[in-house]
Amino acid sequence: MSDPFTPQRSDKFTFGLWTVGNVGRDPFGEPVRPPLDPVTAVHKLAELGAYGVNFHDNDLVPFDATPEERDRIVRRFRQALEETGLVVPMATTNLFSHPIFRDGAFTASDAAVRAFALQKTMQAIDLGVELGAQTYVFWGGREGSEVEGYRDPREAIKWFREAINYLCRYVRDQGYNLRFALEPKPNEPRGDIYFPTVGHMLHFISTLDYPEMVGLNPEFAHETMAGLNFVHAVAQALEAGKLFHIDLNDQIMGRYDQDFRFGAENPKRAFWLVWLLETAGYDGPRHFDAHAYRTEDEAGVWAFARGCMRTYLILKDKVRRFQEDREIQALLAELRAADTAYDGPQAGDGYSAEHAAQLKARQFDVAALARRGRRAEELDQLVIELLLGVR
Ligand code: GCO
Ligand code: MN
Ligand code: MN
């Protein structure tokens, strides 16, 4: 009877206050929607079947709020969470809107700005933890440059490392149960942002004092903007045990930062992403970092939110069909049988001098191996037909 694509809490869908609360401001135009009360957002998201809500410190508490205002806002918000059962799995800091961050935060050339960013982040971590967050995201929106004339990028990398090391110590010192998730992006709002991709971040993490506390928050749009394959980026994060969180949305390569509804532009890539997440057993939140088109009013915002979750669930159902489709599975089995027929020495056996000698002496039927087609056309067409709903 019930619609199988109705989201449940167990699907772990989350939205940022800044996503459904996006007022539609862009570089060319004023807001088209009034600000959304965070308490209304919580109630509405709960009604739609979401699991949680995330925020930047200033999505909830204005930059210049007094301590009394802060406490009143937090009390009201917490009450909404209690009434609805919504949780706050992730929180983050706004280190990009205020003019003080015009040249970055942790990588700003001005030491006072760097110290202020650290102070603001510690306060924001306290706020996030107070409301239950277990993941803390670092998106370095302004951590970049347009001009190389003054700051040596190596210095920026060092300062970013110092900040993350410092904050890891802070979290440990407070006894917080909190992990950090770094979110790479190639550009926007800076001409270029330091640590532009998942790969850059993964290496950076290996240089930290507490690498086990720090992982990734990759975003579909960010690798896509750079023309990269997001599914491969997520696979590398998963393989490294570093997929701590994920930002789902959509984007056309080469355009401005679009933050479209999940699956809106690249449903096939989104399908492979859902396939990867579901088959890898990723059990973190499925967070939508996207917003409604500027054409929309508040009703359009909720249509957008519903659409993100519904598309994920439809794609998850397509993954199940992919795994159960007799023709697809038979094709995969045939390919696998041919691929695993070789029983000679190979890298997976591990190296020894004797093994290497055996491998060097091995005769291969190069012509036969080179002749073999991969049947990718057949496989991809079957997937397309599955996605287009004719199988
Ligand atoms: C962007 C980013 C942000 C971050 C957010 C949480 O392109 O603007 O994706 O939305 O995800 O600041 O860290
Ligand atoms: Mn983004
Ligand atoms: Mn994001």
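Colleague: How far apart are the manganese ion (ligand 2) and the manganese ion (ligand 3), and which residue coordinates both?
Modeller: In this predicted model, the two manganese ions, ligand 2 and ligand 3, are 3.7 Å apart, and Glu 219 coordinates both of them.

Colleague: Which are the protein donors of ligand 2?
Modeller: The manganese ion (ligand 2) has Glu 219, through OE, and His 222, through NE2, as its protein donors, at 2.1 to 2.3 Å; donors are N, O and S atoms within 2.8 Å of the metal (3.2 Å for Na, K and Ca), and sites may look incomplete because water is not among the atoms.

Colleague: And are Glu 219 and His 222 buried or exposed?
Modeller: Glu 219 counts as buried because its relative accessibility is 1%, and His 222 is buried too, at 2%, where buried means under 20% relative accessible area with a 1.4 Å probe and protein chains only.

Colleague: Before we move on, how should I read the numbering and the values?
Modeller: Residues are numbered from 1 along each chain as its sequence is written, while chains are lettered from A and ligands numbered from 1 in the order written. Local features need pLDDT of at least 70, side-chain atom pairs count only at pLDDT 80 or more, totals for chains, interfaces and linings use all residues, and side-chain values use heavy atoms, leaving out hydrogens and water.

Colleague: Now ligand 1: how far from one of its oxygen atoms is a polar side-chain atom of His 56?
Modeller: That distance is 2.6 Å for His 56, while a polar side-chain atom of Asp 247 lies 3.1 Å from an oxygen atom of ligand 1.

Note on methods. Polar contact = N/O pair within 3.5 Å; in protein donor to acceptor, adjacent residues only side chain to side chain. Buried < 20%, exposed > 50% of the residue type's maximum accessible area, 1.4 Å probe, protein only.
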